[in-house]
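Welcome! Let us walk through a protein model together, one topic at a time. Keep the picture open as you read.

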Amino acid sequence: MNRGRKAALIACAALLSCVFVLAVTRIFGFDDGTYLALPIALLPYVGLLTAALLVTLLALRGRWLTVAAAALLVLQIAWFVPRFVRDHQPVPAGAPRIRVGTCNTHRGQVDPLALVSLTHDQNLDVLVTEELDAPAIKALDAAGMAKLMPYRELHPENDTSIFSRLPIVRGGPTDLPTTWPQTQVTVSVSGHEIPVVGVHTYYPVGGPGLWAQDMSALRAVAGRDAIVLGDFNATVDHSPLRSLLAAGLVDTHAELGRGWAPTWPAAFPLVQIDHVLHGPGLAAVSASEHLLPGTDHRAVVAELALLG
């Protein structure tokens, strides 16, 4: 074996070992409450790396390493492909619908006119905002939000606020044991009471234990007609989010077969950490992402239908 080929095989083996560690982490949920949550967020890109390693190893004729790369790639394909397969319940004709949106306002720096325009153009019924401070609320109302969304549950001191075009039946901070209080409202849609929970969890970089605790606490809000949306600081590859989905919630993008819809960072999004989740009593109709000036997250809008 010549020296160049040997060096290339060693390099491939080292990279493949890293891929193997991440695969084991994904399988056993070792990212839950640990800093392994950071590389797991980039798992789709690791899939591309694995494919490149497989091609390279085929060229280098590294038999056992090629088999290992192929096995890892098959495993990753099994994780990723279902996200691109539309899998949602048929929506009955005339079923009531609700349009919701979420936007992390980047500590209130979002352009208020742009957010009001999004609310108007997307005909939102409910808007969840994260990191919205009191001055930003005033700026939004001055830009026209007060007229569009006259009902609101505002908690700038708690990070998350909710604006609504529909009357709010009840609302307030949740009693979940999260790092900062989450905000919830209940709105009525064609006689159905729909609980809406605005989410902003702690972030893994700052404290993976707090992040995992927040994600675990959110399982308590899963319900048949619940809508849970916001900045989860988690992708669908993270064990805590997969546990939340297993508790009875559905990811709107995955349901629609839109498996690649990154939202952060806004200018060049790499990962999807902003989500609209819902209970089995609703079905996804559409989902979209929107770039707004002043914020580091893309806003997410979804339309959901009530199944009765």
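## Histidine 155 and its surroundings

The side chains of histidine 155 and glutamate 153 are joined by a polar contact of 2.7 Å. A polar contact is a pair of N or O atoms within 3.5 Å; within protein, one must be able to donate a hydrogen and the other to accept it, and residues adjacent in sequence count only if both atoms are side-chain atoms. You are looking at a predicted model, where local features need pLDDT of at least 70, side-chain atom pairs count only at pLDDT 80 or more, and totals for chains, interfaces and linings use all residues. Residues are numbered from 1 along each chain as its sequence is written, and side-chain values use heavy atoms, with hydrogens and water left out.

To find histidine 155, go to the loop between strand S3 (151-153) and strand S4 (160-164). Helices (H or I, at least four residues) and strands (E, at least two) are DSSP runs, numbered from the N terminus. Is histidine 155 buried or exposed? Its relative accessible area is 11%, so histidine 155 is buried. Buried means under 20% relative accessible area, exposed over 50%, and partly exposed in between (1.4 Å probe, protein chains only). Leaving aside residues up to four places away in sequence, histidine 155 touches Thr160, Ser161, Gly172, Pro173 and Thr183; contact here means heavy atoms within 4.5 Å.

## Two domains

The chain has two parts, domain 1 (3-84) and domain 2 (97-306), with bounds that come from an automatic or database domain assignment. Their contact takes 18 residues from domain 1 and 21 residues from domain 2. Between the C-alpha centres of domain 1 and domain 2 there are 33 Å. About 1,700 Å² is buried between the two domains, and carbon and sulfur atoms give 59% of that area. Buried area is the accessible area (1.4 Å probe) that two parts lose on being put together, summed over both.

How many residue pairs are in polar contact between domain 1 and domain 2? The count is 7, with both residues at pLDDT 80 or more. On the side of domain 1 that touches domain 2, the elements giving two or more residues are helix H2 (37-40) and helix H3 (43-60). That side has 11 nonpolar, 3 polar and 4 charged residues. In this sorting, Ala, Val, Leu, Ile, Met, Phe, Trp, Tyr, Cys and Pro count as nonpolar, Asp, Glu, Lys and Arg as charged, and the others, Gly among them, as polar.

## Salt bridges

A salt bridge is a side-chain nitrogen of Lys or Arg within 4 Å of a carboxyl oxygen of Asp or Glu. By this rule the count comes to 8 salt bridges. Aspartate 237 lies in the loop between strand S8 (227-231) and H9, and arginine 83 in the loop between H4 and S1, so this pair ties together parts that are 154 residues apart in sequence. Their side chains meet in a salt bridge of 2.3 Å, N to O, and both aspartate 237 and arginine 83 are buried. The count between domain 1 and domain 2 is 2 salt bridges.

Next, the side chains of arginine 170 and glutamate 193 form a salt bridge of 2.9 Å, N to O. Arginine 170 sits in strand S5 and glutamate 193 in strand S7, so the pair ties together parts that are 23 residues apart in sequence. Arginine 170 is partly exposed, with a relative accessible area of 46%, and glutamate 193 also counts as partly exposed, at 39%.

Where is proline 96? Look in the loop between helix H4 (63-80) and strand S1 (97-104). At 23% relative accessibility, proline 96 counts as partly exposed. Proline 96 and valine 189 are 93 residues apart in sequence, yet 7.0 Å apart in space, C-alpha to C-alpha. Among the residues that proline 96 touches are Val189, Ser190 and Leu304.

Serine 190 belongs to the loop between strand S6 (183-189) and strand S7 (192-200). Its phi is near 50°, a positive value in a residue other than glycine. Serine 190 counts as exposed, at 58% relative accessibility.

## A cis bond to look for

The peptide bond from tryptophan 264 to proline 265 is cis, with omega near -10°. You can find proline 265 in the loop between helix H10 (252-255) and strand S10 (274-278).
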